[in-house]
Amino acid sequence: MEKKTNVKGAHTPANMTHLMVAKLGFNLEQFDSYSNAYLATMEEFIPGPIWCMDLYCGQHVYRAIFEEFSLNIYIYYGQEKPTRLIDQGQEWVRIVHRKDRRIRQRGYVFSNRRLEPCLHWVPMEA
């Protein structure tokens, strides 16, 4: 099976960084700097994949977390650290509600040309 490196509509670190910066907006002004988004998991607390950005404020590190299943974004400051994902062919299934329909989607991890882990959601057959 050929390894995919460029998938239209995929969630990549670059476009997720732009999305998270836009959603956080003026809340980012209280931080000194932030990292690019990276794909991770926190299986003990959040089911499925998440996108994280490290937010730096002096010696403290906060994390902006975007959940793929609930599409929520929030800022987390705690002891638990997310586990970065690497491309091992991981897959998840989620249900998205659109226009009074429930759509099942399968998400899979792949590496882009920069060898960064990315996530792509495709509809599942009913």
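Predicted model: local features only at pLDDT ≥ 70, side-chain atom pairs only at ≥ 80, totals over all residues.
**Basis.** I number residues from 1 along each chain as its sequence is written, and side-chain values use heavy atoms, without hydrogens and water. Local features need pLDDT of at least 70 and side-chain atom pairs pLDDT 80 or more, while totals for chains, interfaces and linings use all residues.

**Helix 1.** I looked up helix 1, residues 13-24; helices are DSSP runs of H or I with at least four residues, strands runs of E with at least two, both numbered from the N terminus. Its 12 residues reach 16 Å from first to last C-alpha, close to the 16 Å expected at 1.5 Å a residue (1.5 Å times one less than the number of residues).

I then listed its buried residues: Pro 13, Met 16, Thr 17, Met 20 and Leu 24 (buried is under 20% relative accessible area, exposed over 50%, partly exposed in between; 1.4 Å probe, protein chains only). They lie on the same side of helix 1, because they cover an arc of only 105° around the axis, taken from the directions from the helix axis to the C-beta atoms. Exposed His 18 and Ala 22 sit on the face turned away from the buried side.

**Cores.** I found 17 residues in the largest nonpolar core, with Met 20, Trp 51 and Leu 119 having the most contacts inside it. Such a core joins buried Ala, Val, Leu, Ile, Met, Phe, Trp, Tyr and Cys residues through side-chain atoms within 4.5 Å. Helix 1, strand 3, strand 4 and strand 9 each give it two or more residues.

**Ser 35.** I placed Ser 35 in the loop between strand 1 (33-34) and strand 2 (38-42). Ser 35 is buried, at 16% relative accessible area.
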